[in-house]
Amino acid sequence: MTPNVTEIAPDTFRISAFAPDYGIQFNQFLVRDDEPFLMHTGLKRMFETTRAGVRSLIDPATLRWIGYSHFEPDECGALNEWMAVAPRAQALTSIVGSMVMLQDFADRPGRALGDGEVVSLGRHRLRFLATPHVPHGWDAGFFFDETERTLFCSDLCFHPGDPEPLIEAGIVERAREAMAFGQTTPLANDMPYTATTDATLRRLAALEPKTLAVMHGSSYRGDGGAALRGVAEAAAALLGPGR
Ligand SMILES: [Fe+2]
Ligand SMILES: [Fe+2]
């Protein structure tokens with residue numbers, strides 16, 4: 001399978017594969033820099049597809065960092081396959097993610113990041129934000145590219161289908177619709193609404209991203225802060241207390 005590769009921000013590439021059995025896209029992102037960074041490995045069974053996308057941009061053996069938001073197969077299931085083909089590649093995860101999952105799962109030690117810690121790729125600076133239970137998982141976190149103001153959104157702003165790579169309007173509506181519909185399916189409750197959910201979403205919005213790199217669905221370019229505040233409002237209305 002050949003993935004669809006699109007540059008969504010300078011030196012930031014979306015590697016997209018549509019999975020008809022799920023009815024959704026799985027999007028990985030590569031930041032091309034001195035120390036190349038891959039956001040999500042994709043599913044283990046999609047490894048060759050993801051690798052083909054990476055190979056169209058860099059020599060996969062030169063991959064240095066693999067970031068993921070939380071421990072699930074689409075986010076990091078192919079981690080050890082990547083370790084095998086990229087000898088310098090190291091996983092980046094939260095302190096919880098490292099202690100609870102990664103240390104046992106990964107074939108090589110990863111690097112645990114504290115809240116607010118920065119990783120330099122060369123030209124790009126990535127800041128890690130620990131966000132327990134957003135979008136889900138005790139270990140969850142977000143990576144924000146401060147250089148290009150790209151937020152790697154993981155499952156936040158999820159929307160199904162095989163939509164266009166990049167949109168400049170309508171992301172909040174899509175996310176809201178998917179959130180509402182999702183509550184009617186057996187896959188409901190993917191995002192727990194906790195006492196800190198709203199504050200976490202608003203902290204992400206305050207980064208004022210220019211690009212939202214969405215794992216399942218179109219990426220968005222525009223006023224990312226306003227979009228995330230819209231998603232926070234939708235989440236409060238659909239998932240919050242008193243809904
Ligand atoms: Fe997830
Ligand atoms: Fe995901």
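In the predicted model, the iron ion (ligand 1) lies 3.8 Å from the iron ion (ligand 2), and Asp 155 coordinates both of them. A pair of histidines at this site links distant parts of the chain, since His 70 belongs to the loop between β5 (65-67) and α2 (73-76), His 136 belongs to the loop between β9 (125-130) and β10 (141-145), and the two are 66 residues apart.

The protein donors of the iron ion (ligand 1) are the NE2 atoms of His 70 and His 136 together with OE of Glu 72 and OD of Asp 155, at 1.9 to 2.2 Å from the ion. Along the sequence, these donor residues follow the spacing H-x1-E-x63-H-x18-D. The arrangement of the four donor atoms around the iron ion (ligand 1) is irregular because the angles they subtend run from 87 to 164°. Both histidines are shielded by the protein: His 70 is buried, with a relative accessible area of 1%, and His 136 is likewise buried, with a value of 12%.

Turning to the pockets of the model, the largest pocket has a volume of about 780 Å³. It is lined by 28 residues, of which Ile 24, Phe 158, Leu 187, Asp 190 and His 216 are the closest to its centre. At least two lining residues are supplied by each of β3 (24-31), α2, α5 (171-182) and α7 (224-239), and the largest share, five residues, comes from α5. Classified by residue type, the lining of this pocket comprises 18 nonpolar, six polar and four charged residues.

Definitions and conventions:
Residues numbered from 1 in each chain as written. Chains lettered and ligands numbered in written order. Predicted model: local features only at pLDDT ≥ 70, side-chain atom pairs only at ≥ 80, totals over all residues. Heavy atoms only, no water. Donors = N, O, S within 2.8 Å, 3.2 Å for Na, K, Ca; no water. Tetrahedral: all angles 85-135°; square planar, octahedral: opposite > 155°, others 65-115°. Helix = DSSP H or I, 4+ residues; strand = E, 2+ residues; numbered from the N terminus. Buried < 20%, exposed > 50% of the residue type's maximum accessible area, 1.4 Å probe, protein only. 1 Å grid on protein atoms, 1.4 Å probe; cavity = no way out; pocket = protein on both sides within 12 Å on 5 of 7 lines; lining within 4 Å. Points joined across faces, edges and corners; volume = space filled by probe spheres on them. Nonpolar A, V, L, I, M, F, W, Y, C, P; charged D, E, K, R; others polar.
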